[in-house]
Amino acid sequence: MAGMDPEALLVPLGIDDSSLFALALCEDDEERYWLLVVELHRRGSAVIFERASTALNSADPMERATGAHILGQLGFDTGYPYRERSVPMLVERVLNDDESSVVESAITALGHLGDPRGLSAVVG
């Protein structure tokens with residue numbers, strides 16, 4: 001497998017977007033989790049956007065944080081196509097979450113998106 005990116009081997013070949021999202025949600029290894037999240041960012045599909053948006057409403061704080069992680073850079077290599085819809089969701093649903101880890105994820109996501117609405121929501 002000369003010339004193949006070793007990180008690519010950590011994402012199962014042929015896995016669909018919804019299954020990849022589910023895999024990220026149940027991943028316990030932090031390094032592998034982030035590799036899966038970056039792959040979700042790169043794919044940037046509407047399916048991933050919908051799954052991440054729905055995750056912001058989960059009872060599970062890890063799922064809410066994952067939704068924020070994904071929305072913060074979804075479609076980064078194609079100009080952040082979901083920015084307009086992601087910023088209000090992050091501000092309204094998770095910026096004031098009871099779990100500090102979810103709030104940190106929301107702030108980081110808003111920073112990545114670089115939208116003035118996110119900045120004003122964070123700093124008041």
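Q: What kind of model is it?
A: This is a predicted model.

Q: Let's start with α4. Is it mostly covered or mostly open?
A: Helix α4 is mostly covered, with eight of its 11 residues buried. The buried ones are Arg64, Ala65, Thr66, Gly67, Ala68, His69, Ile70 and Leu71.

Q: Which helices do those buried residues pack against?
A: They pack against α1 (17-25), α2, α3, α5 and α6 (100-113).

Q: Take α2 then. What are the angle and the axis distance with α4?
A: Helix α2 (residues 30-43) packs on α4 at about 45°, and the axes are 9 Å apart. The two helices are therefore oblique to each other. The crossing of α2 past α4 is right-handed.

Q: Which residues make that contact?
A: From α2 there are Tyr33, Trp34, Val37, Leu40 and His41, and from α4 there are Met62, Thr66, His69 and Ile70.

Q: How do the residues of that contact divide by type?
A: The contact of α2 with α4 has six nonpolar residues, three polar and no charged.

Q: And α3 against α4, what's the geometry?
A: The axes of α3 and α4 come within 7 Å and cross at roughly 140°. That makes α3 oblique to α4. Here the crossing is left-handed.

Q: Who meets whom between α3 and α4?
A: Ile48, Phe49, Ala52, Ser53 and Ala55 of α3 meet Glu63, Arg64, Gly67, Ile70 and Leu71 of α4. By type, the contact of α3 with α4 has six nonpolar, two polar and two charged residues.

Q: Switching to rings. How many aromatic pairs are there?
A: The count is two aromatic pairs. In one of them, Tyr33 and Trp34 sit edge-to-face, 5.1 Å centre to centre with 80° between the planes.

Q: Where do the two residues lie?
A: Phe49 lies in helix α3 (residues 46-55), and Tyr82 in the loop between α4 (61-71) and α5 (83-94). The pair therefore ties together parts that are 33 residues apart in sequence. Phe49 is buried at 4% relative accessibility, and Tyr82 is buried at 11%.

Q: That loop, then. What's with the phi of Tyr80?
A: Tyr80 is in the loop between α4 and α5. Its phi is positive, about 55°, although Tyr80 is not a glycine. Most residues other than glycine have a negative phi.

Q: What does Gln73 touch, sequence neighbours aside?
A: Leaving out neighbours within four places in sequence, Gln73 is in contact with His41, Tyr80 and His112. Gln73 is in the loop between α4 and α5. At 23% relative accessible area, Gln73 is partly exposed.

Q: Where is Val91, and what is it in contact with?
A: Val91 is in helix α5. Apart from neighbours within four places in sequence, Val91 is in contact with Leu110, Gly118 and Ala121. Val91 counts as partly exposed, at 22% relative accessibility.

Q: Last one: how do α5 and α7 pack?
A: Helix α5 and helix α7 (residues 116-123) pack at about 10°, with axes 9 Å apart. They are therefore roughly parallel to each other. Arg83, Glu84, Val87, Pro88 and Val91 in α5 meet Arg117, Gly118 and Ala121 in α7. By type, the contact of α5 with α7 has four nonpolar, one polar and three charged residues.

How values were computed:
Residues are numbered from 1 along each chain as its sequence is written. This is a predicted model: local features need pLDDT of at least 70, side-chain atom pairs count only at pLDDT 80 or more; totals for chains, interfaces and linings use all residues. Side-chain values use heavy atoms; hydrogens and water are left out. Rings of Phe, Tyr and Trp (its six-membered ring) pair if their centres lie within 6.5 Å; planes under 30 degrees apart count as stacked, over 60 as edge-to-face and the rest as tilted. Helices (H or I, at least four residues) and strands (E, at least two) are DSSP runs, numbered from the N terminus. Buried means under 20% relative accessible area, exposed over 50%, partly exposed in between (1.4 Å probe, protein chains only). Axes are lines fitted to C-alpha atoms, for helices over the stretch in contact, and angles run from 0 to 180 degrees between N-to-C directions. Angles under 35 degrees count as roughly parallel, over 145 as roughly antiparallel, 65 to 115 as roughly perpendicular and the rest as oblique. A crossing is left-handed if the near helix is turned anticlockwise from the far one by less than a right angle, and right-handed if clockwise. Contact means heavy atoms within 4.5 Å. Ala, Val, Leu, Ile, Met, Phe, Trp, Tyr, Cys and Pro count as nonpolar, Asp, Glu, Lys and Arg as charged, and the others, Gly among them, as polar.
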